[in-house]
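These are my notes from going through one model.

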Amino acid sequence: MRLRAPGLALLAVLALGAPAQAAPRDWYESYLDARNKHIPAKRWAEALVALQEAVKVKPDSGLDQRTYGMEFVDYFPYFYEGKCHLALGEYDSAVRLFNIEEGKKQIQKRPDVFRELRKLRADAETNQAGVDTAEKVKRLSEQVARLEADASGLHKEGKYDEALAKLATAQGMAKVLDQATQARVAERTQKIRDDKTRVDEARTRAARIEKAMADGLKLLQDGNAGEAKLQFEAVLAQEPSHAAALEGRQHAEADILASTTRATRDALLREGRMLYEAGKYEEALRPLAEAAADRDATEAQDLLTKARKYVEGIQKQKEQRARVDGLMSEAERYVEQRRYADASVQLGSVLALEPDNAKAKERLRVALRLIGEEVLDRFFPNTPPVLSFFLPSGEGKVIQTSTEGQKIEVIGVASDDRGLSRFQFVQDGRVVAEQDLLDPQTGELPRNHPLRRTFDLATGTNEIKVVAIDSLGATQEQAFLVTRTLLLYQQRWFLPSALASSAALIGLGYAAQRSRRRRAVRRRFNPYIAGAPVLEDDMFFGRQKLLARILSVLHHNSLMITGERRIGKTTLLHHLRKALERDEGTEYQFFPVSTDLQGVPESGFFEAVMSDVAEQLPLPPETRADLHHRPGREEPAPYDGRDFSHDLQRVVQDLIARTPRKVKLVLLIDEVDVLNEYSERVNQRLRSIFMKNFSEHLVAIMSGVGIKRIWKSEGSPWYNFFDEIELTAFSREEAESLIRQPVDGVFRWSTEAVEAILEYSALKPYVIQKFCIHAVNQMLEAGRTTITAADVEAVRPTVLFERPEELPRVPETASA
Amino acid sequence: MAPVRNPFIAGSWVRGENFFGRADILRDILEGESDSVWVAGARRLGKTSLLKQLEHRVQQSAQTPFVPLYWDLQGSADARGLADGLLGSVEDSESFRRATDIDIEDLEGLSVAEMLTTLVRRTVRSGWRLLLLVDEAEEFLAVARTDTVVLPRLRRIFQKGPDVRTVLTATKRLARIDEIGDVDTSPFLQGFIPPLYLTPLQTEEARALLARGQFSKDETDVVLERTANHPFLVQLIASRLFESRDLGATLDQVAADEMVSNFFSVDFQTLDGDERALLEQMARDGAHRRKELAQAVRRSEEAIEPLLYGLRMMGYLTTEDGSYRIGNWFFERWLRRVVTASASARPT
């Protein structure tokens with residue numbers, strides 16, 4: 001035993017020491033290191049190592065997993081691994097890991113994170129598609145280069161048509177590639193075509209000369225000197241120094257002179273002139289040629305030259321017409337045989353002869369498009385359109401939803417690689433509408449297009465289908481099963497039971513009101529508010545229409561709300577914020593942020609607004625880590641407009657990722673008169689934020705007494721991007737509601753009392769509230785439950801004393 | 001219940017489905033031969049929206065040789081400010097950064113000319129041409145007053161031939177830039193002149209815009225007639241009419257609106273003295289023939305011809321049977337008030 005003790009002690013020491021060196025770290029240490037340290041610092045590789053360590057120890061994902069002490073975290077290691085791979089550009093791996101995380105079926109219980117996963121996975125898939133595309137593009141580039149090399153060889157061999165056919169195919173392929181390749185192929189095509197035109201013309205000319213010479217010589221031999229001379233003239237028109245033609249003409253003229261007299265030649269001149277003047281140029285040639293045999297017969301020679309030019313011109317046109325017709329029919333034949341490259345060569349030749357030939361231009365466009373489509377089909381086979389829906393949202397072939405409404409709005413977006421041709425909207429198996437998507441101005445089909453349609457619903461189940469069709473006829477559809485349920489009052493049993501209940505309630509209500517009044521007097525009930533902003537919904541009066549108006553324009557417009565002090569601007573902004581937070585079920589999701597500029601110096605303006613954004617929006621840590629704004633930290637450089645722009649852009653990106661609805665970050669900026677004290681530059685910087693592209697997701701509602709409109713700078717006034725709304729006093733009805741409703745069912749207002757307040761207050765809400773507070777107190781002092789005109793008159797001096805500048809001047813008779 | 005959304009946009013820039021018309025000028029810029037384009041237009045005529053639409057069109061097009069970059073100069077004031085603004089533009093455009101494979105870090109600390117040169121070089125290296133969309137180009141006037149070196153450098157880059165196509169938008173005030181600075185260098189606007197004028201919308205374009213409000217034909221006709229298709233006025237009136245459905249009240253309200261008066265006032269100040277004098281003359285005495293106008297402002301007919309042309313193109317005035325009159329009803333009302341007020345303020 002004694003011997004064993006030191007051995008055990010040693011073992012114990014080893015046993016204690018060994019785990020301290022070799023035991024794996026707890027899963028959460030690695031996981032939290034990756035999630036909270038490495039990933040925010042963009043150390044992707046280190047994060048992956050840590051996550052893999054965590055997975056080795058704990059392979060299953062889970063919610064609220066206990067770490068140390070009483071700390072719990074959600075454990076989604078594969079999600080974060082996927083994120084790291086995505087950042088590293090390893091898209092395949094990213095998709096695989098996101099799929100594993102989804103397969104663990106835990107992340108779905110955290111909708112925000114799951115939404116992020118789906119978005120990131122879509123990004124990874126898109127990027128992977130991009131990688132695939134890049135490979136295809138590389139192959140395509142190689143093929144184009146090969147075709148160009150082939151064409152170059154054929155060009156050298158003088159096989160112009162074959163070379164051009166190769167280049168036409170290359171041109172079709174290059175359409176998918178970069179501009180430089182397209183330009184290079186086009187340039188090479190033009191060069192070969194120019195060579196071909198030159199060679200063709202030389203060949204045609206040589207053939208024409210050869211034929212005319214042969215005809216001329218034969219005619220000369222046959223004794224037909226006049227006709228022979230015409231043939232030699234034709235040769236000389238092509239080639240003025242052609243020796244044989246010059247000699248032939250000399251012979252012919254000598255023959256003519258020998259066989260005619262001057263009188264005969266004069267008669268021939270007269271005949272030729274007559275025919276020329278009658279426009280019979282071809283018939284005039286023969287007599288004029290003979291008359292012009294005499295070197296002195298200048299008129300005959302002139303007329304002969306002119307007539308020959310006409311005849312040659314006509315002949316040339318005829319020949320060209322015949323050639324064009326031949327080329328066109330050949331091109332059509334090639335198109336029928338789907339030999340688009342050969343067809344384009346023929347059509348190119350037509351255009352070399354007749355650059356304005358509209359039909360050839362159009363057919364060439366078609367041929368090139370078909371070459372391009374063939375290439376595209378080979379490398380990028382057509383895929384059906386992709387449909388995504390925001391409303392009703394959901395996944396799967398059939399999205400199921402239910403509603404109490406009589407209509408349902410379907411909102412989404414469709415995209416397609418070749419262009420979307422049209423949408424079909426089908427309800428209960430019947431096409432109820434079609435939308436043609438061709439842009440009549442550009443003649444193009446959109447690649448992305450929003451979808452929006454409202455369907456009337458029958459009670460029960462409604463089958464709705466949206467079909468997107470692309471330019472090649474490929475279709476994609478999404479079905480919805482919408483169940484419409486009836487509202488309570490639409491049920492059959494509602495009316496009788498409601499009548500019975502009402503009778504009972506009236507009795508109870510009367511008793512309750514009496515008791516309520518007694519209690520209110522006892523407790524000195526006074527709900528009116530003057531001075532502070534009105535935050536309670538039930539005390540918010542008179543601005544509902546304005547609120548609705550603002551809500552109706554806010555999705556597209558920034559607004560400046562101006563109005564005198566205490567007219568209710570801050571109150572309005574507060575309720576606007578609430579309305580925006582409640583604004584569910586529309587295509588927009590608003591994220592309001594309130595800022596008060598009172599006391600904010602120019603140097604701290606952008607930081608002050610950003611502080612409120614960062615405080616009021618629940619931004620995830622990774623977004624916060626990306627912001628230039630660091631609360632509480634001393635930065636060497638001041639936070640400026642550029643930082644603000646950067647941070648807003650980042651916040652907007654984050655908000656967009658959270659919802660399929662259109663995002664609007666709404667800056668509600670109060671006490672904006674402070675901007676009047678700032679330099680124009682800061683104001684211009686603010687405007688420049690609203691010129692950025694991300695500002696499509698940004699609106700500002702500013703409120704203040706007024707904006708200084710003196711503008712000296714060259715540029716646009718900074719306040720130009722606002723529409724302005726002036727907050728004025730209440731209407732009579734609104735003012736009366738504010739007076740009566742807060743105490744409705746508790747106290748009574750006499751008509752005279754209400755009229756007096758309406759008159760004395762000039763319908764300004766703050767003054768009305770002040771009158772009401774004091775008048776109610778006056779009534780309570782007297783132990784009454786009705787407010788009278790005498791109460792109002794009694795408090796008037798007090799209200800006047802407290803805010804004399806806000807009270808209108810009242811005629812003496814008014815207080816009588 | 002979902003609120004009824006007002007489809008009109010008064011003040012903010014628009015693009016895509018919210019952008020109407022301008023097909024000709026878009027085509028001229030994108031498909032024309034010139035690589036230096038100045039689009040001159042009055043305030044609120046849609047210059048920023050035109051640039052945003054160009055950017056959008058090019059980004060959506062599969063066939064384009066261009067990569068667009070929108071650069072707003074407002075508030076830049078000097079060379080450093082220009083550099084900051086350009087950096088901000090690159091930061092704002094993820095698609096540009098992606099297409100040219102450029103990082104913000106590559107540009108930090110560079111002068112504006114170096115930055116622009118880098119952007120052009122990287123764009124060309126990536127197989128594209130740079131479509132530089134410069135908004136609020138009047139800011140160059142402020143820059144020219146503080147720095148005589150930077151503008152000639154920028155001009156050289158702007159006119160770098162096919163690698164870069166530069167589109168400037170500004171009011172006519174930009175023309176004054178060549179009166180400032182060094183006479184030895186080439187004029188800044190050389191190559192950008194003559195400008196393309198941004199006119200009011202065509203009637204059919206304005207009608208298409210108004211169709212969003214489902215107004216009656218009579219209402220639409222009155223709005224078109226009163227605004228002479230000025231896009232801001234059309235949007236503003238349509239937006240208010242959409243809310244009130246009372247055309248008479250809307251027209252009165254807009255005519256009396258302080259914001260609208262201020263817009264006319266600021267816009268009017270961008271014109272030259274002679275241009276203002278011509279318009280004031282028309283506001284005082286109604287429609288005029290060219291000869292009468294020339295006499296009234298003591299200039300020759302030839303001298304006022306280019307002024308009248310520019311004013312007509314920008315919608316300040318219109319012609320009818322050879323007579324010139326103020327472009328739209330609202331502007332005319334405002335200018336008449338101004339002219340009357342200044343006449344009565346003059347000592348007798």
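I found A:E671 in the loop between β13 (662-670) and α22 (680-689) of chain A; helices (H or I, at least four residues) and strands (E, at least two) are DSSP runs, numbered from the N terminus. I noted that A:E671 has a positive phi of about 60° although it is not a glycine. A:E671 is partly exposed, with 18 other C-beta atoms within 10 Å. The scale I used calls a residue buried at 20 or more other C-beta atoms within 10 Å of its own, exposed at 12 or fewer, and partly exposed in between, with C-beta atoms placed from the backbone.

This is a predicted model, where local features need pLDDT of at least 70 and side-chain atom pairs count only at pLDDT 80 or more, while totals for chains, interfaces and linings use all residues. Residues are numbered from 1 along each chain as its sequence is written, and chains are lettered from A and ligands numbered from 1 in the order in which they are written.

I then looked up A:K105, which also has a positive phi of about 60° without being a glycine. A:K105 sits in the loop between α5 (91-103) and α6 (111-156) of chain A, and is exposed, with 9 other C-beta atoms within 10 Å.

B:P194 is in the loop between β4 (164-170) and β5 (196-197) of chain B. Most residues other than glycine have a negative phi, and most peptide bonds are trans.

Last, I recorded that 37 residues of chain B are in contact (C-beta atoms, placed from the backbone, within 7 Å) with 39 residues of chain A.

Note on methods. Two residues are in contact if their C-beta atoms, placed from the backbone, lie within 7 Å.
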